Amino acid sequence: MLVIVFVILAFFTIILVSWIVLLKRRSEAGIGGWVKDSDLKGGGRKYVDQATGIVAKPDIVLKGKVIEVKSYAVKNRPFSGDILQTTAEMNAVGVGKAEIHYLNRKFRVENTLHLRGVLMRVFHTMKEHLDHNTAPHGTPTKGRCRVCEFNDICQERC
Ligand code: SF4
């Protein structure tokens, strides 16, 4: 009888410790809600924006929010490309809020009409280039062009 009680106690202790570790990790990662989907270790679900066909795989999907986790730091504001990516993810998942987690800071992003407009403009520009088989103008810098795999054939390189 004592052995059975001991096994049951050990079982619940393991569950409790695992739960506490999970909560601690989620809190350290700044995740407050119930995770519906995660792509942090790959295998996350693909979401499709029905209006554009853009496919997105957010790092974390919570109820009403997506989180994009970046492996680099920023200064005072998120990179515009990261905001655009997050906007595409919000529209694909159908949520109104997002967070971008950089190594040093977190930013909130709202799915506003303005951001949706920016996304649609970029989408139409990309579609035009694809339809006409042309490349968009780049934003060359010496640092980028030096390591770019196309620098031996690119007309715009610095
Ligand atoms: S070499 Fe051309 S494609 Fe590559 S970064 Fe520079 S401008 Fe862009």
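**Close-up views: aromatic rings and a ligand shell**

**View 1. Ring pairs join Tyr-72, Phe-79, Tyr-102 and Phe-107 into a cluster.** This is a predicted model, in which local features need pLDDT of at least 70, side-chain atom pairs count only at pLDDT 80 or more, and totals for chains, interfaces and linings use all residues. Residues are numbered from 1 along each chain as its sequence is written, and side-chain values use heavy atoms, with hydrogens and water left out. Searching the whole structure turns up four aromatic pairs. Rings of Phe, Tyr and Trp (its six-membered ring) pair if their centres lie within 6.5 Å; planes under 30 degrees apart are stacked, over 60 edge-to-face, and the rest tilted.

**View 2. Here we meet the tilted pair of Tyr-72 and Phe-79.** Their ring centres are 5.9 Å apart and their planes stand at 50°.

**View 3. Next comes the edge-to-face pair of Tyr-102 and Phe-107.** The centres of these two rings lie 5.9 Å apart, and the planes meet at 80°. Tyr-102 is buried, at 5% relative accessibility; Phe-107 is also buried, at 13%.

**View 4. Which residues are around the ligand?** They are Pro-140, Cys-145, Cys-148, Asn-151, Cys-154 and Arg-157, where being near takes a heavy atom within 4 Å. This shell divides into four nonpolar residues, one polar and one charged. Ala, Val, Leu, Ile, Met, Phe, Trp, Tyr, Cys and Pro count as nonpolar, Asp, Glu, Lys and Arg as charged, and the others, Gly among them, as polar.

Definitions and conventions: Buried means under 20% relative accessible area, exposed over 50%, partly exposed in between (1.4 Å probe, protein chains only).
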